[in-house]
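Student: Hi, I'm new to this one and would like to walk through it with you. Could we take a look together?

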Amino acid sequence: MLPTQAQIVLTVADAPAIGDALNYATDTLPQNVSIGQPGANQTWDFSNLQAHLFSTIEVLDPAQAPNSEDFPTATFVQALPDGSYGYAAVTSAGINALGASLDFFGDDSFVSIIFNPEQVFATFPTTFGTTFSGTYGFSLTLDGSEFDVDSIRIQTEVAQNVETDGYGTLITPDGSYGALRQRIEAVTETSAFALFFGTWFPLDSATDTTITYQWLTAEAKGQALTLEVVGDTIFSATWFQSLGTVIQAPVVNFTHQSLGGGEVQFSDQSSNNPTEWSWNFGDGNNSTLQNPAHTYTASGTYEVCLTATNA
C-alpha cells in the first residue's frame, strides 16, 4: 500500500529563479498512458513514459534577452528550446506571462509579442481547489510585402479556465514527487487581416479548444509533467528530469574616480563573476586588469568600454 501523500502548497518561493536550468524529456508517442483521476491523495504513475526528445529551459535576467525594453516589468525571461524568449513577472500573488520575443524570419530580427491583457500563469498560494480564469491576447502587425499587401495583422485572444483538481504522488521515469494536478481549458480565437490601400480586410478566423493537464511540484519549480490531450487521446507527455544551473553572462558595470594629474582609477562592478576583463580607455590604450588605473595625457572627453567575460 502506498503511503498517504500530504497536500503540498506552492508559493512564490517555488517560482523559477534567474540561473535555473530546467531539464525535460518528451514522449512523443505515449502508450498505455492514462490521465488518471482528480481528487485527494491520488497516485499518478507515468513511470512507463519513453524519452524521445530532450530540452532545457534556461531562466535568465531580462537584460540578457532580445527586446527586453518592451517588457519593463519582467523579473525573469525563459530561453525556450525553439529559440524564443518568454517574459514573465513574479510577485507574491503569482506569475504573469507578459509575452514573448520571437525570431520569425530566422535572421535574429526578433519581434515582440506583448500580451494585453497579460496571461495569469500561476496564482499563489496554489493548492488543491485553487481555480482561476481570465483572458489574454495580443495583436501583431507584420510587413505584408511578400503577400502583395501593405501589412498583415494577427489578433489572438485566449480564454482560459484553470482548476487544481487533485493532489497526491506523481511518479515519472525520473522520480516520485508530491504534486498538484491542474486541468487547463483554453479557447483560442485567432483572426488575420490584410491592409490594402489603407483598408483592413479580414483574411481568416479560427476557434480552437485545447485541454492540458499538468502536474506541479516544488522540485520542478512548476510543471513536473504536462500532457497535451485532444478528446481522449494523449498526444505528448513532457516531464521534468532535473534542475541545473545556468552560467550567467556578466552584466557589465564599472565606476571611475579622478586621482588628479590626468590619472583615473577604474573599478569593475560587473555581476555574475567575470574572470577576464578588457578595457578600452578611448585614447588608444587598453588594459586586461580588473581594476586598472590609467593616465590621460590630454584633456578631452573619452568613451571608455569594458568587456567582461566568464565561462
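Predicted model: local features only at pLDDT ≥ 70, side-chain atom pairs only at ≥ 80, totals over all residues.

Student: Okay, and what does the side chain of D165 meet in a salt bridge?

Tutor: The side chain of D165 pairs with that of R181, and the N to O distance in this salt bridge is 2.9 Å.

Student: Is R181 buried or exposed?

Tutor: R181 is buried, since its relative accessible area is 2%.

Student: How many salt bridges are there in total?

Tutor: The count comes to three. Another of them is formed by K221 and D20, whose closest N and O atoms are 2.8 Å apart. This pair links distant parts of the chain, 201 residues apart: K221 is in the loop between strand 11 (199-217) and strand 12 (222-230), whereas D20 is in strand 1, residues 20-27. D20 counts as buried, with a relative accessibility of 9%.

Student: And which residue forms a salt bridge with E185?

Tutor: That is R183, and here the closest N and O atoms are 3.5 Å apart. E185 counts as partly exposed at 27% relative accessibility, and R183 is likewise partly exposed at 27%.

Student: Why would such side chains pair up at all?

Tutor: Side chains of opposite charge can pair when their charged atoms come close.

Student: How many positive and negative side chains does the chain have?

Tutor: There are 4 positive and 33 negative side chains, and the centres of these two sets lie 14 Å apart.

Student: Let's zoom out. How many helices and strands are there?

Tutor: The chain has 19 strands and zero helices. Among its contacts between residues at least 6 apart in sequence, 58% join residues at least 24 apart.

Student: What about the radius of gyration of the chain?

Tutor: The radius of gyration is 25 Å, whereas a compact globule of 311 residues would have one near 19 Å. Taken along the principal axes, the C-alpha atoms fill a box of roughly 80 × 65 × 35 Å.

Student: And how much of the chain is buried?

Tutor: Buried residues make up 40% of the 311 residues. The accessible surface comes to about 16,500 Å², and 50% of that belongs to carbon and sulfur atoms.

Student: New topic, the backbone. Where are the cis peptide bonds?

Tutor: One joins N116 and P117, with omega at about 5°, and P117 has its place in strand 7, residues 111-123. Another joins F124 and P125, with omega at about -10°, and P125 is found in the loop between strand 7 and strand 8 (131-143).

Student: Which residues have a positive phi although they are not glycine?

Tutor: D148 has a phi of about 60°, and N273 has a phi of about 55°. D148 is in the loop between strand 8 and strand 9, while N273 is in the loop between strand 15 (263-268) and strand 16 (276-280).

Student: Are those two buried or exposed?

Tutor: D148 is exposed, with a relative accessible area of 65%, and N273 counts as exposed at 66% relative accessibility.

Definitions and conventions. Residues numbered from 1 in each chain as written. Heavy atoms only, no water. Helix = DSSP H or I, 4+ residues; strand = E, 2+ residues; numbered from the N terminus. Rg over C-alpha atoms; globule rule 2.2 N^0.38 Å. Buried < 20%, exposed > 50% of the residue type's maximum accessible area, 1.4 Å probe, protein only. Contact = heavy atoms within 4.5 Å. Areas by Shrake-Rupley, 256 points an atom, 1.4 Å probe, with all protein chains shown as cover. Lys, Arg positive; Asp, Glu negative; His and termini not counted. Charge placed at Lys NZ, Arg CZ, Asp CG, Glu CD. Salt bridge = Lys/Arg side-chain N within 4 Å of Asp/Glu carboxyl O.
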